[in-house]
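Me: I'm new to this one, so could you walk me through how a few of its helices sit together? Let's have the structure up first.

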Amino acid sequence: MELHVIERPANAFQQGLTGRQIQAVAERAFGPGAEVRSATELGGGMYNTTYRIDLAGRAEPVVLRVAPEPARQFHSERELMRAEYASVPWLAPIADLMPHVLASDFTQTVIGRDWMIQSFLPGTPAPELLGAYPKETHTAFFRQMGEITASVHAVAGPWFGPVGGPGHARWSEAIVASLHLIAKDVESSGLDAADLHKAADAAQAGAHILDEVTVPRLLTGDLWTVNTMLAPAPVPTICGVLDMDRTWWGDPEADWTMRMARAKQDARTAFFDSYGRAEETENSGWRRHVYEVRHLGALRLERHRLGNETGVEDSYRSVAEELAALI
C-alpha cells in the first residue's frame, strides 16, 4: 500500500491511521479480499481525518472519514459522524449533490473510532477555485448556495435539537441546552465560560421570544464555501456538498450559513435573491444575538483546539457585545 499522510505534531487534534488500520477498515467494509492500493490523507477539514482510498478492482476511488477518538470529542460535538449518518434521509432534497454512504461502522471494534466510507465526489474544492473566477461571477455561486440552503431549511422535523436526539419540545430548551454544553466544554478546556452562562440565562429569560419559533427546520450546521465542490464551468457552479455532520433541528436563522451570508455586503448578498428575505422584527433581531453567542462559543472552542489564542481572546470581546444587546 502507498500511504501518503499529512505530517502533524504528535499532540495534534487530528490523528491519522496506520496502513494496517486502513486495510482493516477496507476489509470490514468490502470483505476479506479487499486490497488497498493507496491511501492519501486529504486536508481542508479540521475535525475528522479523511483519506482518498484506491482499491484494487474498483475503478473509482472512495473516501474514508474517521472521527476523533471518543475521549477527544467535546460534549457539544459528540458523535458528529453519527449525526451525519442519521441526517442522510432528511437531506434527500440535496441527495444529488452529496456523496453516497458505502459503508459505516460505529462499533469502534476495528480501530476504536467511528468511520464512514463514502463515494468520491468529482469537482474542485470551492476554496481552491472560487477565487480564480472574476468577482462579478461570484453572485452565481452564492445564489446557488441560497437555493441549496432553502431546500434544506424546507424540511421539517420531529423535535428541536440534534437530529439524532436528544430532542426538545421547545426551541428555547434546545438553545439553552446547547449553550450550557458549549460552556461546559469551554470550562473543561481551562477557559472562562461565565459569559456563555450569562447568555444561557438570558436565553432562558427570553424563552417566550425563542419559542415564537414553533416548527423545527433542518439546519445545515456549518454549510459554506469550504463544504462545497465546483464543477468546470464558465461561472462558479456547485456540484457537490460535503461534511454535513453538524445538522440539527431549529430556527433557520440560527444556521451558520445564514450568519455567513450576512457577514459582508459583497457578492454573497445574492444568497438572499434565491433564499428569500424574512421580515425583520425586534424579536427576530434579539434571537439572532442569542444565535451569535452560540456561534462565538463554538468558535472559541475551535480556536482553542487549533492553538489560536488571539482568536480565543477576541471571542470574549465579541460575546460581550452580543450580551449587551441581550441583557
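Me: Are α5 and α10 roughly parallel or roughly antiparallel to each other?

Reply: Keep in mind that this is a predicted model. The axes of α5 and α10 come within 10 Å and cross at roughly 25°. Angles under 35 degrees count as roughly parallel, so α5 and α10 are roughly parallel.

Me: And which class has 10 residues in that contact, nonpolar, polar or charged?

Reply: On the α5 side you'll find Trp171, Ile175 and Leu179, among others, and they meet α10 residues including Val290, Tyr291 and Leu301. By class, 2 residues in this contact are polar and 3 are charged. The class with 10 is nonpolar.

Me: How far apart are the end C-alpha atoms of α5?

Reply: Helix α5 covers residues 171–188, which is 18 residues. At 1.5 Å a residue it should span 26 Å, and the model agrees with that. The end C-alpha atoms are apart by 26 Å.

Me: Which residue just after α5 takes a positive phi?

Reply: Look just past the end of α5. The phi there is about 85°, and the residue is Gly190.

Me: What about α10 and α11: roughly parallel or roughly antiparallel?

Reply: Their axes are 9 Å apart, and the helices pack at an angle of about 165°. Angles over 145 degrees count as roughly antiparallel. That makes α10, relative to α11, roughly antiparallel.

Me: Is the crossing of α10 and α11 left-handed or right-handed?

Reply: The contact there includes Trp286 and Leu296 of α10, along with Tyr316 and Val319 of α11. As for the crossing of α10 and α11, it is left-handed.

Methods
Residues numbered from 1 in each chain as written. Predicted model: local features only at pLDDT ≥ 70, side-chain atom pairs only at ≥ 80, totals over all residues. Heavy atoms only, no water. Helix = DSSP H or I, 4+ residues; strand = E, 2+ residues; numbered from the N terminus. Expected span 1.5 Å × (residues − 1). Axes fitted to C-alpha atoms, helices over the stretch in contact; angles between N-to-C directions. Parallel < 35°, antiparallel > 145°, perpendicular 65-115°, else oblique. Contact = heavy atoms within 4.5 Å. Nonpolar A, V, L, I, M, F, W, Y, C, P; charged D, E, K, R; others polar. Left-handed = near helix turned anticlockwise from the far one by under 90°.
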